[in-house]
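Good morning, colleagues. Please look at the sequence and the model on the screen while I take you through a few parts of the structure.

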Amino acid sequence: MNKTMGKRKAIFLGNGFTRALVKNVPTWGQLIGCFNSSDAVQQTIPYTFQYEMNYLGGNKFEEETLKKEICSQLSVFSQVDLKDAAEKLLSFLTKNEITDILTTNYDGLIEHLLLSQNAKLISKNNSETIYSIRRNYVYEYNKKTITLWKIHGDTAAPKSLMLGLDHYCGAIGKMDDYIKHGRLGRKQTDNPVEKKFPNKAKSDMSKKEITTVQFQTWIDLFFAATIYFIGFGLDFSETDIWWLLNKRARFKEKLEISNEIFFYAPQPQETELEEVKAKAKEKVLESFGVQYQSVSYEFVKNSANPKYLLSVYKMISQQRK
């Protein structure tokens with residue numbers, strides 16, 4: 001897929017999106033099967049490290065077998081009545097002219113919501129075996145296209161599920177190769193990110209320079225599209241996303257990059273530790289040029305929380321007026 005930039009707007013959906021609509025969705029720690037929430041020491045270890053500790057421990061498991069097991073644990077959303085949620089999502093996408101959906105979720109909830117509202121799948125790229133730089137599905141709805149990027153893998157390709165530190169670091173290597181050299185696997189595009197934007201020191205600010213970006217990967221969106229993070233906790237273990245946000249912030253120091261990124265804090269903080277972590281995250285995001293938005297809604301523990309999504313939809317819609 002090779003789209004030229006118009007006005008691209010994207011939503012970035014995490015597991016909080018699924019958990020807001022469906023009850024009893026397993027957490028990241030539950031999926032990897034090695035997290036003890038009562039162990040204070042273990043709680044301080046990032047999930048990616050816990051996965052590696054479990055993999056390298058005495059009861060070593062076959063990685064592909066584990067990933068297939070995880071795929072089987074995720075909900076079959078075609079059996080869940082989410083008509084109201086689907087209608088609200090599609091209404092939000094249309095109203096706010098969203099062109100792209102990025103998600104770290106492996107499950108098929110977003111696809112189910114789109115298809116249930118008569119969106120039509122017109123193309124897909126699921127050719128990558130392990131990494132997911134280009135993995136996407138393109139849908140047509142109301143004569144417009146919406147591209148869904150499965151950036152952390154897809155249950156349709158179990159090996160692609162991004163779980164441990166090794167996989168995360170390998171993905172960052174692929175991302176860095178694309179940003180620095182424009183390489184996609186064995187394909188040399190000769191179009192590194194740094195060459196896609198005018199240099200502040202050299203550009204004539206009196207003239208409006210039009211930047212044309214070829215959207216070959218979801219990475220391009222971080223430099224040239226408005227992005228709204230919804231239902232994504234952005235734990236510090238999400239090293240690939242933090243790395244990319246930091247890379248964008250560094251590039252903005254010297255390049256004419258003007259896109260905006262918004263982070264909608266997904267839930268109230270229930271403990272002092274969670275509150276401190278949220279404050280730390282807010283500080284880092286703001287230093288990286290990301291706008292932190294606190295979402296006010298009535299939180300219901302151990303239940304679906306659609307009011308969070310409705311609050312975010314409203315905030316984004318009002319922000320555009």
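Helix α8 passes helix α10 in a right-handed crossing; a crossing is right-handed if the near helix is turned clockwise from the far one by less than a right angle, and left-handed if anticlockwise. The model is a predicted one, in which local features need pLDDT of at least 70 and side-chain atom pairs count only at pLDDT 80 or more, while totals for chains, interfaces and linings use all residues. Residues are numbered from 1 along each chain as its sequence is written, and side-chain values use heavy atoms, with hydrogens and water left out.

To return to the two helices, α8 covers residues 165-181 and α10 covers residues 239-252, and they pack at an angle of about 25 degrees with their axes 9 Å apart. That makes α8 roughly parallel to α10, since angles under 35 degrees count as roughly parallel, over 145 as roughly antiparallel, 65 to 115 as roughly perpendicular and the rest as oblique. Axes here are lines fitted to C-alpha atoms, for helices over the stretch in contact, and angles run from 0 to 180 degrees between N-to-C directions. Helices (H or I, at least four residues) and strands (E, at least two) are DSSP runs, numbered from the N terminus.

Which residues meet between these helices? From α8 come Y168, I172, M175, D176 and I179, and they meet T239, D240, W243, L244, K247 and F251 of α10. By type, the residues of this contact divide into seven nonpolar, one polar and three charged. Ala, Val, Leu, Ile, Met, Phe, Trp, Tyr, Cys and Pro count as nonpolar, Asp, Glu, Lys and Arg as charged, and the others, Gly among them, as polar. Contact means heavy atoms within 4.5 Å.

Let me now widen the view to the chain. The chain has twelve helices and twelve strands. Of its 321 residues, 48% count as buried, that is, under 20% relative accessible area, with exposed over 50% and partly exposed in between, for a 1.4 Å probe and protein chains only. Among contacts between residues at least 6 apart in sequence, 68% join residues at least 24 apart.

Next comes the sheet. Eight strands form an open sheet in the order β4-β5-β6-β3-β2-β10-β11-β12, and the pairing is mixed; two strands pair if DSSP finds at least two bridges between them. At the edges are β4 (120-125) and β12 (291-294), each of which pairs on one side only. Direction ignored, neighbouring strands of this sheet are turned by 20 degrees against each other on average.

F262 has Q291 of β12 as its bridge partner. Helix α11 (residues 272-287) packs on the sheet, where it touches β11 and β12, and its direction makes about 145 degrees with that of β12.

Strands β2 and β3 pair in the parallel sense over four bridges, and I11 stands opposite I101. On β3's pairing with β6, four bridges join the two strands, which run parallel; here I101 stands opposite L148, and T103 stands opposite K150. D100 and L102 point one way from β3, I101 and T103 point the other way, and all are buried.

Strand β6 also pairs with β5, antiparallel, through six bridges, and W149 in β6 is the bridge partner of N136. The hairpin of β5 and β6 has two residues between the strands, and N142 there takes a positive phi near 55 degrees. Five of the seven residues of β6 are buried, which leaves the strand mostly covered.

Why is helix α7 (residues 109-116) described as largely enclosed by the rest of the structure? Six of its eight residues are buried, so α7 is largely enclosed. The buried residues are L109, I110, E111, H112, L113 and L114. Their cover includes β2 (9-13), α1 (15-21), α6 (83-95), β3 (100-103), β5 (136-141) and β6 (144-150). Just after α7, N118 takes a positive phi of about 70 degrees.

Finally, I turn to Y313, which lies in helix α12 (residues 306-319). Is Y313 buried or exposed? Y313 is buried, with a relative accessible area of 11%. Not counting residues up to four places away in sequence, Y313 touches F17, K88, L89 and F92. The C-alpha atoms of Y313 and S91 are separated by 9.7 Å, although the two residues are 222 residues apart along the chain.
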